[in-house]
Amino acid sequence: MSGYLLEATGITKRFGGVVALKGIDVRQQAGETLGMIGPNGSGKTTFVNVITGHLKTNRGDVRFDGNPILNRKPSQIANTGLTRTYQAVRVFGKLSVRENVAIALVDARDPLDADAVAETVDWLAIGHRWEAEAGSLTLDEQRRLELLMRLVQRPKLLMLDEPVGGLSATEVRAMIRLLAELKARSSIFLIEHTMKVIRELADRVVVLIAGEKLAEGPPREILADQRVIDQYLGSADA
Ligand code: ADP
Ligand code: MG
């Protein structure tokens, strides 16, 4: 046993002629919030897709909670407690918030009980939209609904792909507050372009540039690293 919650080694992913990930190693401890940053197209979403089984690859190894999971089906991987949200939110737009949550509960191997679901609904301040069609919610509400759908499944590791993408400054602040509370009781993998989110939440950060790991370390160090500034932060929303 490695002692890591997530241990990904040598992850390589090719799309035709494009090598999106070039032998990436990422290790995450239980309880840690690990950030991943890098320019658009650097391979961040592809990394999450490979880890969560949404994309297959023939190079690399992934251990989650000590068990090999590479190339298993997303539903099987989710059942081991590794789940994710999407850069472009995925909820069932024609169904109500209640129905979306019901589906998430049915899909879960070990779902939250009804009281805990109600508490989580309150915590995410989504209860007033309970009977609304998910497609009619604001983006911010949809992001909170997607988070709710994952949390009722009691993940051991929650991978968030740009959780504040498209949100207003006020909504970003509110999401940071929620994630800061979540971080205290959960392991989080966090892709972000908003450096305020990384600074406030990440214990450690991995920087991807063109499918390669450029740097890794505490946010204070990484955000001050001249290579990271030159190759990414110079142009990012930092
Ligand atoms: P990021 O999330 O860091 O913006 P992505 O992982 O989405 O980057 O993309 C990394 C690279 O892989 C890009 O060059 C992108 O065009 C390519 N890519 C991602 N997904 C696919 C796919 N399904 N098919 C072909 N190319 C893809
Ligand atoms: Mg992406």
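This is a predicted model: local features need pLDDT of at least 70, side-chain atom pairs count only at pLDDT 80 or more; totals for chains, interfaces and linings use all residues.
User: Why is Thr 45 called partly exposed?

Analyst: The relative accessible area of Thr 45 is 25%. Buried requires under 20% and exposed over 50%, so Thr 45 falls in between and is partly exposed.

User: What makes Gln 87 partly exposed?

Analyst: Gln 87 has a relative accessibility of 35%. Because that value also lies between the limits of 20% and 50%, Gln 87 is classed as partly exposed.

User: How do you know that Thr 45 and Gln 87 are donors of the magnesium ion?

Analyst: The atoms concerned are OG1 of Thr 45 and OE1 of Gln 87, which lie 2.1 to 2.2 Å from the magnesium ion, ligand 2. The cut-off for a donor is 2.8 Å here, so both atoms qualify. The pair links distant parts of the chain, 42 residues apart: Thr 45 belongs to helix α1 (residues 44-51), whereas Gln 87 sits in the loop between β6 (82-84) and α3 (97-107). Water is not among the atoms, so the site may look incomplete.

User: What makes the approach of Lys 44 to ligand 1 a polar contact?

Analyst: A polar side-chain atom of Lys 44 is 2.7 Å from an oxygen atom of ligand 1. A polar contact needs N or O atoms within 3.5 Å, so this pair meets the criterion. Polar backbone atoms of Ser 42, at 3.2 Å, and of Thr 45, at 2.9 Å, also face oxygen atoms of ligand 1. The protein buries 60% of the 560 Å² that ligand 1 exposes when taken alone.

User: Which element gives the largest share of the shell around ligand 1?

Analyst: Helix α1 does, with three residues. By class, the shell has three nonpolar, six polar and one charged residues; Phe 15, Ala 20 and Pro 39 are among its members.

User: Why are β9 and β10 said to pair?

Analyst: Pairing requires at least two bridges, and β9 and β10 (residues 212-217) have five, in the antiparallel sense, so they pair.

User: What makes β9 mostly covered?

Analyst: Six of its six residues, 204-209, are buried, that is, under 20% relative accessible area. Arg 204, Val 206 and Leu 208 point one way, and Val 205, Val 207 and Ile 209 the other way. In a regular strand, side chains alternate between the two faces of the sheet.

Methods
Residues are numbered from 1 along each chain as its sequence is written. Chains are lettered from A and ligands numbered from 1 in the order in which they are written. Side-chain values use heavy atoms; hydrogens and water are left out. Buried means under 20% relative accessible area, exposed over 50%, partly exposed in between (1.4 Å probe, protein chains only). Helices (H or I, at least four residues) and strands (E, at least two) are DSSP runs, numbered from the N terminus. Donors are N, O and S atoms within 2.8 Å of the metal (3.2 Å for Na, K and Ca); water is not among the atoms, so sites may look incomplete. A residue is near a molecule or strand if one of its heavy atoms lies within 4 Å of it. A polar contact is a pair of N or O atoms within 3.5 Å; within protein, one must be able to donate a hydrogen and the other to accept it, and residues adjacent in sequence count only if both atoms are side-chain atoms. Accessible areas come from the Shrake-Rupley method with a 1.4 Å probe; for residues, only the protein chains shown count as cover. Ala, Val, Leu, Ile, Met, Phe, Trp, Tyr, Cys and Pro count as nonpolar, Asp, Glu, Lys and Arg as charged, and the others, Gly among them, as polar.
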